[in-house]
Amino acid sequence: MGIIIAVISGKGGVGKTTTTANIGLGIALNDKKCVVVDFDIGQRNLDMILGLENRVVFDMVQVMDGEANLKQALIKSKISPNLHFLAASQTKDKSVLDSEKIFKLVTDLSAEYDFVILDAPAGIESGYEHTIEFADRAIVVVNPEVSSIRDADRAIGILDSKSQKVKDGSEVLKYLIINRINPKMVQSGEMLASEDILDILNVPLIGKIPEDKGIIDASNQGKPIILDTNAAAGKAYARIAARLCGQEIPLENVEEPENGLMQKIKEMFA
Amino acid sequence: MFSFFSKKSSAKTAKDRLTIAIMSDRKNNDAFPFMDEMKAEIIEVVKKYMGVKTIEIKKEIEDGVEALSIDVQLETNA
């Protein structure tokens with residue numbers, strides 16, 4: 001049985017879908033079978049980030065309702081044969097989600113794939129609760145910014161009280177990703193440092209992603225930034241994917257500006 | 001160099017404010033882990049007799065007395 005991981009954030013716009021796409025692809029590039037599922041009913045976006053929007057024929061709601069089977073609905077990535085994608089329904093309302101059907105869908109997927117990654121909708125409403133319901137683990141994505149961190153804490157609270165694993169007396173393993181770190185702002189004390197965020201949220205860190213202009217370009221083209229081996233964010237996602245696949249890679253200090261040494265020398269002469 | 005000395009660290013302010021806000025959020029949520037179930041049951045009971053739109057439950061502390069305030073909003077045509 002594969003591992004079911006929900007990607008959550010509470011607040012929207014922090015990079016949840018970008019993270020899902022990059023980590024899914026990163027896992028596939030590590031030779032593991034991976035499927036990414038868009039649970040954001042009515043606001044389908046993962047297809048665009050993956051560059052697969054033209055290939056969607058059937059969505060996950062149609063699979064759950066028996067209007068299509070999994071084979072018909074799963075879309076193979078152009079980049080890695082190990083990665084498949086299941087689209088969210090764009091026309092339906094999230095009220096269509098039903099626990100029994102979701103359980104069947106994720107169980108069927110975890111029988112075929114090593115990793116089943118669910119991209120949760122923003123917010124803490126029913127769509128979110130259904131996404132986390134049968135998750136084994138959760139990746140919490142935050143930005144170093146007060147509203148994102150506070151909303152993430154609420155989402156974690158719901159995960160810790162409503163997931164099936166917790167109801168069964170077990171727990172959902174959580175990992176934190178801090179996204180959009182601006183190293184210069186952290187250095188100058190204008191942005192929360194990772195240690196501060198870890199103190200507050202108390203979730204183990206699995207990776208730090210620096211702010212990267214290339215992200216916009218990557219989503220413009222539908223080519224996840226992990227494919228750009230020179231991009232700082234791409235490298236950070238590759239390390240996270242490798243960690244999820246069991247490799248031990250020490251956490252890097254992305255808060256140190258790239259030109260750290262030069263910066264210091266310049267300051268000495270300023 | 002000038003700006004380095006004149007700028008106050010707002011990250012520290014953020015951390016302090018967040019710590020307090022989150023502590024209070026967590027306390028409120030822990031107070032009623034059964035809140036959703038209770039809400040659903042109250043709605044069921046009231047629904048037997050009239051239409052219910054939403055229900056809001058708050059814990060209030062006044063003059064050392066704790067009270068549960070239950071606000072049931074009825075459907076307009078009920």
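**Core, sheet and interface**

Of the 84 residues in the largest nonpolar core, those touching the most other members are A:V116, A:I117, A:L118, A:V140 and A:Y237. The largest share of this core, seven residues, comes from α12(A). This is a predicted model, in which local features need pLDDT of at least 70, side-chain atom pairs count only at pLDDT 80 or more, and totals for chains, interfaces and linings use all residues. Residues are numbered from 1 along each chain as its sequence is written, while chains are lettered from A and ligands numbered from 1 in the order in which they are written.

Q: What makes a set of residues a nonpolar core?
A: Its members are buried Ala, Val, Leu, Ile, Met, Phe, Trp, Tyr and Cys residues joined through C-beta atoms within 7 Å. Buried means that 20 or more other C-beta atoms lie within 10 Å of the residue's own, with C-beta atoms placed from the backbone.

Q: Which residues does A:I117 touch, leaving out those up to four places away in sequence?
A: Among them are A:I5, A:V7, A:C34 and A:V36. Contact requires C-beta atoms, placed from the backbone, within 7 Å.

Q: What makes β1 and β6 of chain A a pair?
A: They have four bridges, in the parallel sense, where at least two are needed. A:I8 stands opposite A:V140 in β6(A).

Q: How many residues of chain B are in contact with chain A?
A: 17, and they meet 16 residues of chain A.

Technical notes:
Contact = placed C-beta atoms within 7 Å. Helix = DSSP H or I, 4+ residues; strand = E, 2+ residues; numbered from the N terminus. Buried ≥ 20, exposed ≤ 12 C-beta atoms within 10 Å, placed from the backbone.
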